[in-house]
Protein chains: 2
Amino acid sequence: MTSTTPLSEYLAEMRRDIEDALARAVALSTAPPIISQAMRYSLLSGGKRLRPCLTLTAAEATGAPLGTAAAEARLLALPAAVAVEMIHSYSLVHDDLPAMDNDGLRRGRPTSHVVHGDGLAILAGDGLLTEAFGVIAASPPVTSRADAPLAPAPRRLRAITTLAAAAGAAGMVGGQAIDLAAAGRIPGQTVPNSDAALEEMHARKTGALIRAAATTGAILAGAADDVIRAVDDYARDLGLAFQIIDDVLDSEGSNSTLGKTAGKDAAAGKPTYVARYGAAESRRLAADCVARANASLERVGLGGRLSEIAEWSLTRRS
Amino acid sequence: MTSTTPLSEYLAEMRRDIEDALARAVALSTAPPIISQAMRYSLLSGGKRLRPCLTLTAAEATGAPLGTAAAEARLLALPAAVAVEMIHSYSLVHDDLPAMDNDGLRRGRPTSHVVHGDGLAILAGDGLLTEAFGVIAASPPVTSRADAPLAPAPRRLRAITTLAAAAGAAGMVGGQAIDLAAAGRIPGQTVPNSDAALEEMHARKTGALIRAAATTGAILAGAADDVIRAVDDYARDLGLAFQIIDDVLDSEGSNSTLGKTAGKDAAAGKPTYVARYGAAESRRLAADCVARANASLERVGLGGRLSEIAEWSLTRRS
């Protein structure tokens, strides 16, 4: 695709690659159908696929100056894209459980525990998380191309290290624990209701995985350390912009446009950007984030589609 | 330690290395204390540490013919030993949840969800599973020795692949899903009450991780494929012997000797070897497994401590 193709078409084409790769990753012919169908229910239910799109876009953008064709960079990064989306999907399944956020609607469908019961929903999440790491380590397959290029082993190990750190106790799981404590759901634990606490929670709960989505793409494409750092800085600000706009859309939206329960965070008394700053000021804060994200890219001569994704994060409707 | 040291002393010394490495792996200084203390609660609560002992023993046994000193083989395999025990620990935390087996006692202490609530227990399990893969990919550290040898990247990737397959949908998680369905806990799902179904459930739920525990040790020590296969065959039969003897001990034991709720499987109407064959015939079946396990070792000139562990599995009291 040429650089004059609209971003929406570029992302739509990328999503087709990603959907195909996700379906392959959970074909899992030797697994009991009980578990694999529960994993597929959540993984193959649509969604924006923002994170894996970021992985592939970051790989294309950082691979190009190294002389790597876009199609090859995309294939190198595809295992990480799949792994990131599997981890995102597992986190939604577990977050939606009655023991956590207790949500019954996700991507316009009943959540996993509503359909499968809590036990199998927990296991489906566990399975998605586990297979995610197997995918980067090179099994199960994510493409039908037997000759698909595979990143060298040290890069794949680094991608696994990055993803485990982002998804683990210091990242997503830790952020979810803070969120749970803030909601008064952990015996004997409280969290201060401050700007700093809100930002730490978001940085861990959603920011860390968005950063890893982008950086694992750059890592697998073979980017140099300073480029990986710039992509990380870009993704940190992009993730924050996304979170802020999510709060705004949540405050304005309906279940049908969002595909999930609208206004739920505010109703649960959770701290949100809109509750703290109002919608207009929240949008201004998000625009500041996008400006910083683009400045990080420019530092190492990047821009293009990564920059377009940042701009789009401000204008999206869902 | 010389080969004339009793097995109990050999394993006790190994356990000290393992406990030290486990504690390092969850030091996690950048994680919120809420989550890291919940992870430590379950990971650092004792237990036989059978699986990581198998990892280190397999590494020593298969490294020796390649000229690798026992101490070096042990260090090469230590990340996998830690990862295997973290995955075992996560599986117990999730299995004990009210949505699964609903057990309140484990290793002589209240289970994680009793202490932390269901939400944080789910997250603690998620954190342990996630960090396990990070440990093999080389972060966080499991030893204080800055000069500790690290297995080459392709071996570490293979260990991750092996472990993800064993713990994932075709292995442990799949076995747990079958177990849950057999207990009537999944809407619309049933499992036949047959010998074959019982064996498939155990092979996945406990067998797969025991096999991966042993084979990842051999993989990281650099063993050839035929040796890895022999270790895998050994561990498959060892795991089955362990499961059978677990059923026998469960039928004879008390909470205080087992450190967990005794007679629970039988009370829940779950199929057990003792219910099916009686205690005496079950012990004979286990002895057959151990004979097969030792024959697999002999096929590639192995024996020693691995064989002693197999013999011990029959005579252990808890």
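Helices (H or I, at least four residues) and strands (E, at least two) are taken as DSSP runs and numbered from the N terminus. The model is predicted, and local features need pLDDT of at least 70, side-chain atom pairs count only at pLDDT 80 or more, and totals for chains, interfaces and linings use all residues. Residues are numbered from 1 along each chain as its sequence is written, and chains are lettered from A in the order in which they are written.

Chain A contains 14 helices and two strands. Its C-alpha trace spans about 50 × 50 × 35 Å along the principal axes. Of the 318 residues of chain A, 57% count as buried, a residue being buried if 20 or more other C-beta atoms, placed from the backbone, lie within 10 Å of its own, exposed if 12 or fewer, and partly exposed in between.

Two residues are in contact if their C-beta atoms, placed from the backbone, lie within 7 Å. Among contacts in chain A between residues at least 6 apart in sequence, 73% join residues at least 24 apart.

In chain A, the axes of helix H1 (residues 7-25) and helix H3 (residues 50-63) come within 10 Å and cross at roughly 105 degrees. Axes are lines fitted to C-alpha atoms, for helices over the stretch in contact, with angles from 0 to 180 degrees between N-to-C directions. H1(A) and H3(A) are therefore roughly perpendicular to each other (65 to 115 degrees). Leu11(A), Met14(A), Arg15(A) and Ile18(A) of H1(A) meet Pro52(A), Cys53(A) and Leu56(A) of H3(A).

Between the chains, 52 residues of chain B are in contact with 52 residues of chain A. On the side of chain B that touches chain A, helices H2 (33-43), H5 (112-136), H6 (153-167) and H7 (172-182) of chain B each supply at least two residues. H5(B) gives the most to this side, with 14 residues. Ile160(A) touches Phe133(A), Ile136(A) and Ala137(A), as well as Phe133(B), Ala137(B) and Ile160(B), not counting residues up to four places away in sequence.

Arg107(A) lies in the loop between strand E1 (105-106) and strand E2 (109-110) of chain A, and counts as partly exposed, with 15 C-beta neighbours inside 10 Å. Asn102(B) is placed in the loop between helix H4 (70-95) and strand E1 (105-106) of chain B; with 16 C-beta neighbours inside 10 Å, Asn102(B) counts as partly exposed.

Definitions and conventions: Angles under 35 degrees count as roughly parallel, over 145 as roughly antiparallel, 65 to 115 as roughly perpendicular and the rest as oblique.
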